[in-house]
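Hi,

Here is the structure I promised to pass on. Have a look, and my notes on the two ligands follow below.

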Amino acid sequence: MSTTPVKVAVTGAAGQIGYSLLFRIASGALLGPDTPVELRLLEITPALKALEGVVMELDDCAFPTLAKVEIGDDPNTIFDGANVALLVGARPRTKGMERGDLLEANGAIFTGQGKALNDHAADDIRVTVTGNPANTNALIAKSNAPDIPAERFSALTRLDHNRALAQLAKKTGTSVNDLKKLTIWGNHSATQYPDIFHAEVAGKNAAEVVNDQTWLENDFIPTVQKRGAAIIEARGASSAASAAAATIDHTRDWLRGSADGDWLSMAVVSDGSYGVPEGLISSFPVITKDGNWEIVQGLEINDFSRGRIDASAAELAEERDAVQQLGLIG
Ligand code: NAD
Ligand code: LMR
């Protein structure tokens with residue numbers, strides 16, 4: 001085992017997602033079995049007592065890869081020297097709300113945290129935003145951290161990607177292991193577009209294997225877009241274990257690389273690819289290696305996909321304008 005622990009900061013650590021996420025990180029699921037990890041956990045002051053309880057449980061697991069745990073309510077201290085920051089802490093929506101309704105309530109959290117990352121994180125910092133509205137919160141954090149390269153900020157659409165894989169595997173009677181090259185485009189919201197036109201089922205084009213436009217339009221796409229709401233309706237609380245698993249998948253693959261012959265969905269800063277306005281944090285098909293990502297280029301976009309990608313980008317632009325008006329970005 002190497003000796004210097006990687007510092008992983010997690011915000012909202014006493015919350016639902018935190019309760020799943022911390023134990024997986026501590027057990028080596030993020031960085032592998034040979035890399036010691038130091039957890040740096042941020043919470044608001046009233047939640048620190050509950051967080052102490054979670055840390056007692058982390059101790060009780062005696063994870064060989066867990067080198068140290070630091071907790072606190074000051075992002076300047078908790079982000080000090082962080083190599084990875086998982087920004088989960090934010091209010092979840094409840095029944096009947098859209099994620100965009102959280103813009104004002106949660107946006108302000110990400111200005112302060114962006115500044116604190118800018119001033120205190122390690123030079124190799126990578127940031128994953130899970131807290132909603134994730135894309136625009138990542139935009140706010142990025143905009144408040146001018147010294148950190150923009151490509152170090154990302155938002156989670158891996159949960160949507162995983163949800164889409166599960167639906168496609170069910171429809172085609174295959175396993176998720178047989179599926180490749182699925183894409184989530186756009187916002188982590190009901191406008192997101194799960195695209196199977198370039199996906200493969202056991203090496204064959206997924207849209208051709210499915211060959212069912214009604215299922216695609218009336219079942220698959222809305223099911224993936226509205227899965228978060230369906231879980232809130234059924235569970236009475238927003239997805240947590242699956243969100244934690246996706247946060248691990250996203251960040252692990254970013255740091256350790258995507259599989260050969262496949263790609264991932266990650267919301268990253270747009271360079272204008274596929275007509276998505278430059279600067280927005282939008283989900284794209286990406287290939288990752290050694291902590292870097294690249295948007296997959298050259299995919300042919302049919303008219304059906306074009307309209308949906310544009311609609312989600314338009315929503316992201318509206319969210320950007322709204323947080324600009326709130327003074328959260330310059
Ligand atoms: P939760 O309410 O159980 O936990 C959130 C935690 O964040 C709380 O403990 C709260 O005290 C803490 N918090 C609030 N403000 C904070 C701040 N300024 N600094 C540090 N901590 C702070 O919520 P949850 O179910 O864990 O969900 C967290 C967020 O993740 C929500 O916004 C939810 O909508 C979002 N989410 C995103 C995805 C995704 O795919 N992107 C999936 C599921 C949930
Ligand atoms: C999800 O997709 O499950 C989360 O973003 C929670 C939500 O509000 O939908």
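In ligand 1, an oxygen atom lies 2.7 Å from a polar side-chain atom of Gln 16, a polar contact (a pair of N or O atoms within 3.5 Å). On its own, ligand 1 exposes 870 Å², and the protein buries 86% of that (Shrake-Rupley areas, 1.4 Å probe).

Bear in mind that this is a predicted model, where local features need pLDDT of at least 70, side-chain atom pairs need 80 or more, and totals for chains, interfaces and linings use all residues. Residues are numbered from 1 along each chain as its sequence is written, chains are lettered from A and ligands numbered from 1 in the order written, and side-chain values use heavy atoms, leaving out hydrogens and water.

Around ligand 1 there are 24 residues, counting any with a heavy atom within 4 Å. Gln 16, Ile 17, Glu 43, Thr 130 and Asn 132 come nearest.

Now for ligand 2. An oxygen atom of ligand 2 is 2.5 Å from a polar side-chain atom of Arg 93. Taken alone, ligand 2 exposes 260 Å², of which the protein buries 94%.

Where does ligand 2 lie? Domain 1 (6–155) and domain 2 (158–319) both give residues to its shell, so ligand 2 lies between them (the bounds come from an automatic or database domain assignment).

Cheers

Definitions and conventions
A polar contact is a pair of N or O atoms within 3.5 Å; within protein, one must be able to donate a hydrogen and the other to accept it, and residues adjacent in sequence count only if both atoms are side-chain atoms.
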